[in-house]
Amino acid sequence: CRHLGLPDYQKFDQSVLITEGPEAYEKLFREAYDIIGYHPALHGFYVADEPMRPQFFEAVTRCYEIQKKVAPELHPFVNLRGETPDFEPDEFSGKTYEEWIKYIGQDLGISFVTLDNYGPMINDDCIPTYFKAIRGTVEASEKAGGPDVWANLLCSAHYAYRIPTENELRWMVNTAA
């Protein structure tokens with residue numbers, strides 16, 4: 001970002017909105033949009049990675065609103081945790097997961113969310129929860145007429161996750177499809 005004359009955007013997510021407020025987030029977002037928003041390869045801006053707790057979902061929702069207000073032609077996105085479909089309504093400010101998905105998809109015009117679920121790269125015991133997470137998010141989105149669900153696949157070692165083999169990568173692509 002710095003070589004484009006942009007400020008350090010490593011913290012350019014819901015944390016800015018939480019710590020500094022919506023005005024600060026919108027200002028930072030407008031700065032980035034004014035510099036690179038014209039580029040034909042820009043599809044959208046990142047909002048958050050694996051939000052948890054009500055404060056983060058409220059912030060993510062507000063970030064979506066701000067980004068769609070400033071740049072309605074773009075597609076902001078959030079990467080959800082594999083466990084997100086199992087969160088209780090208090091995580092989503094009293095909404096069910098399906099209601100939250102419907103709100104961001106239909107009311108805010110969010111076109112997609114990503115979902116990461118790398119458990120099978122720890123051990124095979126995680127395979128049932130992998131499918132449960134994908135199914136929960138896809139079903140919630142379909143019922144809500146909400147955003148598309150894109151798989152965020154693991155392609156390298158990361159924390160406790162092993163390096164996927166060629167067969168495991170193929171498996172992830174096929175099961176996500």
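In helix H4 (residues 97-107), the buried residues are Tyr97, Trp100, Ile101, Ile104 and Gly105. Viewed down the axis of H4, these buried residues fall within an arc of 120°, so they line one face of the helix. An α-helix has 3.6 residues a turn, so residues three or four places apart point the same way. The structure described here is a predicted model.

The buried residues of H4 pack against helix H3 (53-70), strand E2 (77-80), E3 and H5. Just after H4, Gly109 adopts a positive phi of about 80°.

Rolling a probe the size of a water molecule over the atoms shows where empty space is left.

| Pocket | Volume | Source of the largest share of the lining |
|---|---|---|
| Largest pocket | about 410 Å³ | helix H5 (residues 127-144), 3 residues |
| Second largest pocket | about 150 Å³ | E4, 4 residues |

The largest pocket is lined by 19 residues, of which Glu50, Gly82, Glu83, Asp116 and Tyr161 are the closest to its centre. By class, this lining of the largest pocket has 6 nonpolar, 6 polar and 7 charged residues.

The second largest pocket is lined by 15 residues, and the closest to its centre are Leu115, Ile134, Trp150, Ala151 and Ala176. Its lining draws at least two residues from each of strand E3 (112-116), H5, strand E4 (148-152) and helix H6 (166-176). The residues of the lining of the second largest pocket divide by class into 12 nonpolar, 2 polar and 1 charged.

How values were computed. Residues numbered from 1 in each chain as written. Predicted model: local features only at pLDDT ≥ 70, side-chain atom pairs only at ≥ 80, totals over all residues. Heavy atoms only, no water. 1 Å grid on protein atoms, 1.4 Å probe; cavity = no way out; pocket = protein on both sides within 12 Å on 5 of 7 lines; lining within 4 Å. Points joined across faces, edges and corners; volume = space filled by probe spheres on them. Nonpolar A, V, L, I, M, F, W, Y, C, P; charged D, E, K, R; others polar. Buried < 20%, exposed > 50% of the residue type's maximum accessible area, 1.4 Å probe, protein only. Arc of directions from axis to C-beta. Contact = heavy atoms within 4.5 Å.
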